[in-house]
Amino acid sequence: MATSDVVKRVRKYEAPRWLTENLSLALVLPGLFFFLSFVAIPLAYLIGLSLTNATLGTMFQDAPGLWGTVFGEAEFVGVDNYASLLTDGQFYRSFGVTWLFVATSVVGKVVLGVGIAVVLTHHWVRGKRLMRALVILPMGLPAIFTITVWRGVFSSARFGLANQFLGAFGFESIAWFSRRWLAFVSYNVTEMWLAYPFMVIITVSALQNVSGELHEAAKVDGAGFINRFRHVTMPSIKRPVMFASILTAAASFQQFLIPFVFNRGGPARANELILLYGYREAFEFRAFGEGSAIMLTAITIIGLFMIVAATKGELAEGAHE
Amino acid sequence: MTLIQSITRKIKSDIRAIPAAIVGWYRNTQYKLDLYRRGKIGTLQLLAPVFSTAGALALVSILMFPVYWIALAALSGEGASLYSAGGLQLLPAGFNPWLLITEGDLWMGMDLTPFVWVIGDLIIPSLRISIPFTGSSIVTSEVVLLEAANYGVERPSAFKQYAWNSLTVAIPTVMMTMAVIIPASYALSRKEFLMRKKVLYGYILFTQVGGGLGLAMLIAVFAIFSAFGWTNDKFMLAVYYSAMAVPFNTWLLKTFMDSIPPSYEEAAVIDGAPPWRVVWEIILPLSKAGLAAVLIFVFLAGWMEFIVAQTVLRPENYTLPVGLFALIDEYTVPWARFSAFALLFAAPVVVIYLFAQRYIESGLSFGGMEG
């Protein structure tokens with residue numbers, strides 16, 4: 001066969017349609033593989049770990065065989081870890097307090113965020129734009145900064161801002177982190193401060209879309225401020241605020257840093273939010289297997305929640321363009 | 001119009017807007033007063049804006065108070081307290097603007113020792129630069145910018161070391177992330193292919209559950225890092241960060257690229273430009289604003305991440321957030337010093353972040369068809 005024949009054949013050769021049509025996929029794949037290898041592998045390993053009785057002592061021991069290489073001396077225990085969660089009082093306590101935190105902090109964030117947004121869009125207020133620019137500052141602050149600062153606010157030491165504030169009104173100092181519900185309140189206040197800028201931004205842009213004519217018409221009909229808010233403003237901002245609430249509820253459910261930095265979910269493990277519970281089981285009580293089971297349960301719940309929210313709501317708007 | 005020009009133009013228009021706003025207020029007030037005098041509006045309508053604005057200002061001040069409080073603590077020197085024997089103190093201890101005039105004290109009597117403690121010595125060491133072929137060499141003299149001992153600070157903090165660690169984590173993170181997301185976001189924005197919607201949908205979903213998922217995987221990530229001996233390795237931490245940064249930033253850059261009109265590309269294709277030239281000479285220059293925003297977000301993500309860094313790093317490799325957290329567990333560190341440390345960590349971040357928000361992210365529609 002002459003060389004020219006080969007050239008001719010190569011020239012004649014046309015890549016199959018499916019390949020030419022999907023060639024651009026090659027541009028996405030490196031990133032996707034890079035990302036997935038740091039998600040899928042740990043996730044698979046996490047699932048594996050959750051089926052073993054791995055502890056810090058057994059996990060890193062060398063043992064023969066493939067199993068031994070991957071899981072060390074840990075033994076396969078099946079779904080024992082999940083079964084024992086069902087009888088673990090701490091799991092229920094942690095689960096309960098997490099949902100309670102989601103409920104209270106979301107209500108707090110929505111009320112605070114919508115309240116600020118209403119005030120800072122009102123036509124009576126001058127310098128609204130400047131104040132709005134200032135008020136969303138917490139969004140740009142590093143989370144660890146905000147949370148350590150708020151720990152200082154609720155500190156029982158002499159400098160603690162909350163206690164100084166109480167002191168100014170003649171109250172006695174409070175040990176915020178060693179009383180269960182006070183610690184819970186401090187988590188909520190901090191979470192509200194962390195997340196209100198997001199609510200404010202969403203609500204302000206929704207409020208600016210409310211037509212002024214509707215308000216004028218309601219005014220002419222004699223509706224007061226409360227009535228106008230209920231019957232004109234609320235219906236127009238309901239959807240964006242709902243959307244923001246779903247996202248912020250997910251963020252509350254995944255809150256870890258606040259309890260971790262404040263008092264490690266104390267006092268006496270009363271306020272361990274679910275992710276902190278899993279973290280402490282693994283890293284402080286050395287039970288990696290059980291910790292993995294807790295973490296997987298938590299992310300299954302949050303994953304289901306987000307998928308339901310995404311299909312019901314318009315979360316995936318960006319993907320449907 | 002280049003990105004820099006568009007940014008400077010926007011900053012200029014922002015600055016010009018300030019006097020205009022003041023003049024506007026003044027005219028409006030005069031108008032209202034005039035209406036009131038002529039009896040067109042009542043007292044309530046005259047005073048309502050005043051009270052509302054005061055109320056809004058009070059609200060904003062209360063919300064921002066924790067930040068002010070930290071600055072106050074940092075500037076008040078050792079052992080500072082907001083509520084001292086002299087009652088509520090809303091200004092830093094010793095603060096006296098008058099000193100600026102009488103003594104030329106730039107800091108107006110405030111105590112800056114906590115900041116000196118954070119920064120420590122700033123000394124450019126003497127260097128010996130040898131000049132080739134001549135055999136001679138130049139020895140630069142040591143430049144002392146700041147010597148902590150002069151301010152009575154004995155053992156300064158490890159801030160500079162932590163900052164260096166943060167930098168050496170954040171820079172590789174940015175490089176690796178940019179390398180994979182630029183082609184991906186171009187393809188997602190412009191091409192149609194198998195799985196396109198699924199990939200986008202997965203990325204968007206991950207941006208919402210990423211925090212929790214990352215935390216949940218922490219156990220496995222720690223185990224894998226330990227098994228491969230990657231703990232305490234800043235580079236592997238950067239690899240992990242950039243993998244986690246892919247979904248959100250790909251999506252963000254994709255939305256930037258969506259805003260570039262396809263007619264530019266069509267024109268280039270008709271002129272016979274090969275695909276790589278279309279990307280190199282049209283898409284990339286036009287998405288500069290998006291690239292800058294993504295770059296900043298990725299950098300800040302690497303700079304600020306705490307949980308994974310805290311789990312895998314050991315003290316000599318602590319990044320700034322971990323170093324900050326380590327301070328609060330040390331009860332010997334005075335609150336003023338902690339505040340100064342926290343402020344020096346957060347201030348550049350918030351400035352860069354808000355700058356990116358205001359001037360870069362909103363600049364995505366620059367240079368449309370008129371270009």
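In the predicted model, L275(A) touches Q254(A), F256(A) and A298(A), together with G212(B), L215(B) and A216(B), residues up to four places away in sequence not being counted; contact here requires C-beta atoms, placed from the backbone, to lie within 7 Å. Residues are numbered from 1 along each chain as its sequence is written, and chains are lettered from A in the order in which they are written. Because the model is predicted, local features need pLDDT of at least 70 and side-chain atom pairs count only at pLDDT 80 or more, while totals for chains, interfaces and linings use all residues.

L275(A) also belongs to the largest nonpolar core, which has 172 residues. Such a core is a set of buried Ala, Val, Leu, Ile, Met, Phe, Trp, Tyr and Cys residues joined through C-beta atoms within 7 Å, buried meaning that 20 or more other C-beta atoms lie within 10 Å of a residue's own. Among the members that touch the most others are L46(A), F256(A), A216(B) and L218(B). The largest share of this core, 14 residues, is supplied by α8(B) (helices are DSSP runs of H or I, at least four residues, numbered from the N terminus).

Chain B is divided into domain 1 (3–88), domain 2 (121–151) and domain 3 (159–365), with bounds from an automatic or database domain assignment. At least three residues of the core come from each of domain 1 and domain 3 of chain B, whose C-alpha centres lie 35 Å apart.

Between the chains, 73 residues of chain B are in contact with 71 residues of chain A. On the chain B side, α2(B) gives the largest share, 14 residues.

Key: Two residues are in contact if their C-beta atoms, placed from the backbone, lie within 7 Å. Helices (H or I, at least four residues) and strands (E, at least two) are DSSP runs, numbered from the N terminus. A residue is buried if 20 or more other C-beta atoms lie within 10 Å of its own, exposed if 12 or fewer, and partly exposed in between; C-beta atoms are placed from the backbone.
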